[in-house]
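The sequence and structure are shown first.

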Amino acid sequence: MTQHKIINVVGAAIVRDGTVLCAQRGPGKSLAGYWEFPGGKIEPHETARGALHREIEEELLCEVEVAQEVCTNEYAYDFGIVRLTTFICHLTGDAPHLTEHAEIRWLHPADMPALDWAPVDQAAVDRIANHPELISQESTQR
Ligand SMILES: Nc1nc2c([nH]c(=O)n2[C@H]2C[C@H](O)[C@@H](COP(=O)(O)OP(=O)(O)OP(=O)(O)O)O2)c(=O)[nH]1
């Protein structure tokens, strides 16, 4: 029997002016070329929100306020089962800077499904596209 470990991952749907930051995974990484929500693996001592705050600081060199959860979804890849929890996030300072992604695009919810998303991301993309009001709530810090 094949044992599949569960990899707990958090992703940020960063909102700006009615659009969401979509990021393309860089070459040489797992799932290279697929579009994703920036983020990464939750370390054992971390909360999901704490991990997301740290990952965004590391990956995009910016600060976010982690707002409401979009959804949690699982997908069995050949390297393991990824359980992705996605949160709406708001920028609290500088704009994001690319460090490891190939490209980023700010898209309106209706345009997001056209990208080639990592399979586990599909649920969150569909939820945001079908419920654009999710991203219309302004940050509490503005
Ligand atoms: N950050 C992020 N990872 C995702 C998403 N969708 C998805 O399948 N993944 C996968 C890719 C990775 O296998 C894992 C997240 O780990 P990570 O972002 O820390 O990836 P990493 O570059 O450190 O890991 P790796 O390429 O060495 O496996 O979850 C997503 O929307 N955001």
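How many residues surround the ligand, and which are the closest? The shell holds 16 residues, and the closest are G11, S30, E36, G40 and A118; a residue counts as near if its C-beta atom, placed from the backbone, lies within 6 Å of the molecule. Two or more residues each come from β1 (6-16), β4 (39-41) and β6 (80-91), where strands are DSSP runs (E, at least two residues) and helices are runs of H or I (at least four), numbered from the N terminus.

The shell around the ligand divides by class as follows.

| Class | Residues in the shell |
|---|---|
| Nonpolar (Ala, Val, Leu, Ile, Met, Phe, Trp, Tyr, Cys, Pro) | eight |
| Polar (the others, Gly among them) | four |
| Charged (Asp, Glu, Lys, Arg) | four |

This is a predicted model, in which local features need pLDDT of at least 70, side-chain atom pairs count only at pLDDT 80 or more, and totals for chains, interfaces and linings use all residues. Residues are numbered from 1 along each chain as its sequence is written. The protein chain has an average pLDDT (the predictor's confidence in each residue, from 0 to 100) of 95, and 94% of the residues score at least 70. For the complex, the predictor gives an ipTM of 0.92 and a pTM of 0.94.

β6 also pairs with β5 (residues 64-77), antiparallel over 11 bridges; pairing requires at least two DSSP bridges between two strands. The two strands β5 and β6 form a hairpin with two residues between them, and Y77 stands opposite G80 in β6.

An unreviewed UniProt entry places "domain: Nudix hydrolase" at residues 5-129; such annotations may be inferred rather than shown by experiment. Over residues 5-129, the chain is 17% helix and 42% strand, with the end C-alpha atoms 30 Å apart.
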